[in-house]
Every structure is written in structure tokens, then in C-alpha cells.
Amino acid sequence: MAYKQTPVLLLVCIATTCSARDRADLLNTCMDAKHHKTRPGPEDKLHDQCSPWKENACCSVNTSQEIHKDNSRLYSFNWDHCGKMSPACKRYFIQDTCLYECSPNLGPWIQQVDQSWRKERFLDVPLCKEDCQEWWEACRTSFTCKTDWHKGWDWTSGVNKCPASAACRIFQHYFPTPASLCEGLWSHSYKLSNYSRGSGRCIQMWFDPAQGNPNEEVAAFYASLVSAGAVPQSVVPLVPSLAPVLSFWLLG
């Protein structure tokens with residue numbers, strides 16, 4: 001019976017913090033952040049790339065419109081800090097922002113933070129491998145000057161500028177692999193998943209709303225592990241890598 005206890009002991013050793021939220025509050029929920037609604041709901045006129053979330057969104061119509069502007073008032077963040085970003089690359093950053101602002105399916109990965117502009121963030125969301133790969137492919141010849149866009153900018157002008165010591169180089173210099181982009185860009189908001197779109201085990205940036213929102217199933221799967229007490233919320237990002245040993249334990 002000792003082998004059956006190993007996964008449990010492993011999880012206990014890893015999980016040293018309490019869940020950021022109550023287990024019942026992991027599904028259909030919005031983060032406590034700067035532009036998020038208090039609760040998700042319909043937004044029939046969400047703009048362009050944010051429209052897949054119109055049936056149930058954490059973002060407002062105004063937020064979805066601002067996301068698509070080059071000079072957005074949301075965060076005064078300049079995508080073109082090293083010259084003009086390619087349209088294909090910018091399209092992925094817009095989609096990333098739509099997911100961040102609009103998705104009500106990120107509850108299992110929400111963590112509390114002490115930041116002036118938000119009280120919660122998501123951490124290590126398992127991003128489907130195609131989404132990460134294609135994002136990297138679209139951006140690798142655009143230019144940037146940093147590996148972590150969450151911090152270290154020069155904000156003296158009111159918008160982000162490269163620090164004096166940072167040189168503008170192609171994305172591939174700062175992000176040599178898809179994983180380095182998706183995981184490093186926003187301080188580990190995402191984690192490159194080994195799973196593919198449609199697997200029910202990874203979050204999709206892109207989906208056809210006519211076929212429903214596949215991220216609902218993904219969030220429900222990870223939330224069920226927390227609700228069953230099998231996995232603390234702080235360990236949710238590790239579930240894919242622990243899946244084989246968990247399966248052996250549960251079925252053994």
C-alpha cells in the first residue's frame with residue numbers, strides 16, 4: 001500500500017500554501033483585477049477578436065474595444081516599443097489580452113497578488129501547445145527588448161519604453177523557444193501544455209464560439225480535482241506532469 005500513498009505525500013509536500021479561493025468559486029468566475037467585471041455575463045457586442053466570449057464574459061464592450069487599439073487606455077502599454085510589431089504578431093497579443101480580460105474559465109489558476117492595479121492574477125494556465133507554437137511563429141521576427149513584460153520598463157513618459165540598457169532584438173533572441181515566450185512573457189501566467197486543442201486538458205486562446213467554449217470543460221476538469229480534495233489549488237499547474245502517477249495511484 002505504500003506506493004499508493006506516494007502521490008498523496010508528493011502533493012502534500014508541494015502544496016505549502018492554501019487555496020486562493022474557495023473551491024466552489026473556481027468555475028464561471030472573474031478575477032479581481034483592474035478592468036474585470038465582478039461577475040461574468042452576456043456581452044452581445046464584444047469587439048472583433050474578443051467576440052468568442054460574448055455569451056459569457058468577464059470583460060465589457062468598452063474593454064474589448066480598447067484591447068484592439070494601438071494606443072489603448074487600458075494599461076498604456078505600447079506593443080510597438082521596438083518599432084512596428086507585425087500585424088500577425090499583434091493579433092496574438094490581442095487574443096492573449098482578450099483571454100485575460102474576458103475568460104470566465106481561469107478560476108483553477110487564479111492566485112492572490114499584492115499589486116496596485118489588481119488583487120488577483122492567473123498563474124501557470126496550461127496553454128494548448130498549438131496556441132503557444134503558433135504565437136511564437138507569428139512573432140519571432142518582430143522586435144522587443146525584454147523577456148518579462150510584466151516588469152522593468154521605463155514608464156517615465158506614461159507609456160512603456162525599453163530600459164536604457166536593453167537592446168531591441170528580434171523576438172527569437174529573447175524567446176528562443178515557444179515555451180520561453182509563453183511562460184516567460186507574463187511572469188509565468190501560462191505554462192506550455194503537452195496537450196492539444198480539443199483534449200479537454202489545456203486552455204485555448206482561439207476557439208469557434210459556434211462549437212461552444214472548450215475552456216469550460218478544461219476548467220471543470222481541474223476544478224473537480226480541487227473540489228474532490230485530490231489536489232490543492234496551488235498544485236493545479238502540476239497536474240499534467242503528475243497525471244501518469246496519479247492514474248497509477250487511482251487505478252492501481
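# Close-up views of a predicted chain

**Figure 1. Overall fold of the chain.** The chain has eight helices and six strands; helices (H or I, at least four residues) and strands (E, at least two) are DSSP runs, numbered from the N terminus. The model is predicted, so local features need pLDDT of at least 70 and side-chain atom pairs count only at pLDDT 80 or more, while totals for chains, interfaces and linings use all residues. Residues are numbered from 1 along each chain as its sequence is written, and side-chain values use heavy atoms, with hydrogens and water left out. In sequence order the elements run α-α-α-β-β-β-α-β-β-α-α-β-α-α. Of the 252 residues, 47% count as buried, where buried means under 20% relative accessible area, exposed over 50%, and partly exposed in between (1.4 Å probe, protein chains only). Among contacts (heavy atoms within 4.5 Å) that link residues at least 6 apart in sequence, 66% join residues at least 24 apart.

**Figure 2. Salt bridges around Asp80.** A salt bridge is a side-chain nitrogen of Lys or Arg within 4 Å of a carboxyl oxygen of Asp or Glu, and by this rule the count comes to nine. Asp80 pairs with Lys90, with the closest N and O atoms 3.4 Å apart. Lys84 counts as exposed, at 63% relative accessibility. Asp70, Asp80, Lys84 and Lys90 are linked in a network of salt bridges.

**Figure 3. The salt bridge between Arg140 and Glu137.** The closest N and O atoms of this pair are 3.7 Å apart. Arg140 counts as partly exposed at 28% relative accessibility, and Glu137 counts as partly exposed at 40%.

**Figure 4. Surroundings of Arg121.** Arg121 is placed in strand β2 (residues 118-122) and is buried, with a relative accessible area of 11%. Not counting residues up to four places away in sequence, Arg121 touches Met31, Trp109, Ile110, Gln111, Val113, His150, Trp186, Ser187, His188 and Ser189. The side chains of Arg121 and Ser189 make a polar contact at 3.0 Å. A polar contact is a pair of N or O atoms within 3.5 Å; within protein, one must be able to donate a hydrogen and the other to accept it, and residues adjacent in sequence count only if both atoms are side-chain atoms. Tyr100 is 21 residues from Arg121 along the chain, and their C-alpha atoms are separated by 9.1 Å.

**Figure 5. The largest pocket.** About 550 Å³ of space lies in the largest pocket. Of the 24 residues that line this pocket, the closest to its centre are Tyr75, Phe77, Trp117, His150 and Trp186. On a 1 Å grid over the protein atoms alone, a pocket is an open set of points with protein on both sides within 12 Å along at least five of seven lines, a cavity is a set of points where a 1.4 Å probe fits but cannot get out, and lining residues have an atom within 4 Å of a point. Grid points are joined across faces, edges and corners, and a volume is the space filled by probe spheres set on the points. Helices α2 and α3 and strand β2 each supply at least two residues of the pocket lining, and the largest share, three residues, comes from α3. The lining divides into 13 nonpolar, five polar and six charged residues. Here Ala, Val, Leu, Ile, Met, Phe, Trp, Tyr, Cys and Pro count as nonpolar, Asp, Glu, Lys and Arg as charged, and the others, Gly among them, as polar.

**Figure 6. The cavity.** The structure holds one cavity of 30 Å³ or more, and about 30 Å³ of space lies in the largest cavity. Thr29, Cys30, Met31, His36, Tyr100, Ser103, Leu106 and Ile110 line the largest cavity. Five of these lining residues are nonpolar, three are polar and none is charged.

Figure 7. Most residues other than glycine have a negative phi. Asp48, not a glycine, has a positive phi of about 45° and lies in the loop between α1 (2-14) and α2. His188 also has a positive phi, near 65°. The loop that holds His188 runs between α6 (178-184) and β6 (190-192). At 43% relative accessibility, His188 counts as partly exposed.
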